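Have the sequence and the 3D view side by side as you read.

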Amino acid sequence: MRLIKPIKVECLNCKKQFEIGFDFECVSTDERQMGTEYDYEGEYEGVCPCCKKEVFVRVEAFEYPKGCVNYFGARPDGIRLLEEPDLEAETDE
Ligand SMILES: [Zn+2]
């Protein structure tokens, strides 16, 4: 799982808009009818480039069936997502 492009976000403190990017890692798998389901999580931890306030977001997405991305949701803290993450299933064999 990877981000195709950075996510646009807005700082809740100063309203500055900026972009964030991060990597995903597989946190669990589940054997289902059409094969393995992979549960991915990506986290961003940083500071607003304008007001330096700490910001955080955790994004969760599944790959199931293989090659298909199912965006599950995001839990942001200190920022608001201005768009849904653009995700791509990327299977490393
Ligand atoms: Zn800010």
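A nonpolar core here means a set of buried Ala, Val, Leu, Ile, Met, Phe, Trp, Tyr and Cys residues joined through C-beta atoms within 7 Å. A residue is buried if 20 or more other C-beta atoms lie within 10 Å of its own, exposed if 12 or fewer, and partly exposed in between, with C-beta atoms placed from the backbone.

The largest such core has 14 residues, and Met1, Cys11, Tyr40, Val55, Val57, Ala61 and Ile79 touch the most other members. Strands S2, S5 and S6 each give two or more residues to this core, and S6 provides the largest share, with four residues.

This is a predicted model: local features need pLDDT of at least 70, side-chain atom pairs count only at pLDDT 80 or more, and totals for chains, interfaces and linings use all residues. Residues are numbered from 1 along each chain as its sequence is written.

Strands are DSSP E runs of at least two residues, and helices are H or I runs of at least four, both numbered from the N terminus. The chain has nine strands and zero helices. Of its 93 residues, 18% count as buried, and the C-alpha trace spans about 45 × 20 × 20 Å along its principal axes.

Two residues are in contact if their C-beta atoms, placed from the backbone, lie within 7 Å.

| Residue | Touches |
|---|---|
| Tyrosine 40 | Met1, Phe24, Glu25, Cys26, Val27, Ala61, Glu63 |
| Arginine 32 | Glu37, Tyr64 |

Arginine 32 lies in strand S4 (residues 24-32). Arginine 32 is exposed because it has 10 other C-beta atoms within 10 Å.

How values were computed: Lists of a residue's contacts leave out its neighbours within four places in sequence.
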